[in-house]
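Look at the model and trace the chain from one end to the other.

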Amino acid sequence: MSGQAKTKRAPKEKRESSGSSSAGGEGKGGDSQTRSFRAGLQFPVGRIHRHLRQGRYAARIGAGAPVYLAAVLEYLVAEILELAGNASRDNNRIRIIPRHIQLAVRNDEELNKLLQDVTIANGGVIPNIHAVLIPKKSKGSSKSSASTSNSQEY
């Protein structure tokens, strides 16, 4: 068991030493910066890199790929959250619920095209009544009867 515990710890120590060596090159001993901080992102670049490696999408993953993917994902999430926040404000709500995300995605042309095959749980449907089904409003009953009689004559 202790042999297995050492093998589990060894890669962790290797990762820490590789992270501190890049910070050591800057001249500051214990001050390390995450790749997310260096890229100016909120999404975790290191975690995305790990998932790309463990997902076996390719034999090798470049250093810039997880940064680019994290930036794209962060942009998409920010866009959806902004539109969903507007939808929640339109409904006089403070919290964003799945219904607001559904309204945000389906009312935006590009997001709707991207997520056209996606079902959002508890999202509901977009309110839509076909124009043919809406009854025409008549201003006067005599005018409407005259117009119907005229429409029948050829």
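Asn 122 sits in the loop between α6 and α7 (141-152). Helices here are DSSP runs of H or I with at least four residues, strands are runs of E with at least two, and both are numbered from the N terminus. Asn 122 is not a glycine, yet its phi is positive, about 60°. Asn 122 counts as exposed because its relative accessibility is 72%; exposed means over 50% relative accessible area, buried means under 20%, and partly exposed lies in between, with a 1.4 Å probe and protein chains only.

This is a predicted model, in which local features need pLDDT of at least 70 and side-chain atom pairs count only at pLDDT 80 or more, while totals for chains, interfaces and linings use all residues. Residues are numbered from 1 along each chain as its sequence is written, and side-chain values use heavy atoms, with hydrogens and water left out.

Now take the chain as a whole. The protein chain has 7 helices and 0 strands, so in sequence order its pattern is α-α-α-α-α-α-α. Of its 154 residues, 15% count as buried. Its accessible surface is about 12900 Å², and carbon and sulfur atoms hold 54% of that; such areas come from the Shrake-Rupley method with a 1.4 Å probe, and for residues only the protein chains shown count as cover. A contact means heavy atoms within 4.5 Å. Among contacts in the protein chain with a separation of 6 or more, 34% join residues 24 or more positions apart.

Which residues make up the largest nonpolar core? They are Leu 41, Val 45, Ile 48, Leu 52 and Ala 70, 5 residues in all. A nonpolar core is a set of buried Ala, Val, Leu, Ile, Met, Phe, Trp, Tyr and Cys residues joined through side-chain atoms within 4.5 Å. Helix α3 (residues 45-54) gives the largest share of this core, 3 residues. In soluble globular proteins, nonpolar side chains tend to be buried together. Leaving aside neighbours within four places in sequence, Leu 52 is in contact with Tyr 57, Ile 61, Pro 66 and Leu 69.

The loop between α3 and α4 comes next. Arg 56 lies in this loop, and its phi is near 55°, a positive value in a residue other than glycine. Arg 56 is exposed because its relative accessible area is 62%. Gly 64 is found in the loop between α3 and α4 as well. Gly 64 is partly exposed, since its relative accessible area is 48%. Gly 64 and Val 45 are 19 residues apart in sequence, and their C-alpha atoms are 9.6 Å apart in space.

Helix α4 covers residues 65-90. How far apart are its end C-alpha atoms? The distance is 38 Å, which agrees with the 38 Å that its 26 residues should span at 1.5 Å a residue; the expected span is 1.5 Å times one less than the number of residues. The buried residues of α4 are Pro 66, Ala 70, Ile 80, Ala 84, Gly 85, Ala 87 and Ser 88. Their cover includes α2 (35-39), α3, α5 (98-107) and α6 (109-114).

Val 67 is found in α4 and counts as partly exposed because its relative accessibility is 26%. Apart from neighbours within four places in sequence, Val 67 is in contact with Ala 39, Leu 41 and Val 45. Val 77, also a residue of α4, is partly exposed at a relative accessible area of 36%. Together with Leu 81 and Ile 96, Val 77 forms a nonpolar patch on the surface, with about 230 Å² of accessible area. Patches are made of residues with over 30% relative accessible area and no salt bridge, with like charges joined within 9 Å and nonpolar side chains (Val, Leu, Ile, Met, Phe, Trp, Tyr) within 5 Å; a salt bridge is a side-chain nitrogen of Lys or Arg within 4 Å of a carboxyl oxygen of Asp or Glu. Ser 88 lies in α4 and is buried, with a relative accessible area of 3%. Setting aside neighbours within four places in sequence, Ser 88 is in contact with Arg 93, Ile 94, Arg 95, Ile 96 and His 100.

Just after α4, Asn 92 takes a positive phi of about 55°. In α5, the buried residues are His 100, Gln 102, Leu 103, Ala 104, Val 105 and Arg 106, and their cover includes α4 and α6. Gln 102 counts as buried because its relative accessibility is 8%. Beyond neighbours within four places in sequence, Gln 102 is in contact with Ile 120, Gly 123, Gly 124 and Ile 126.
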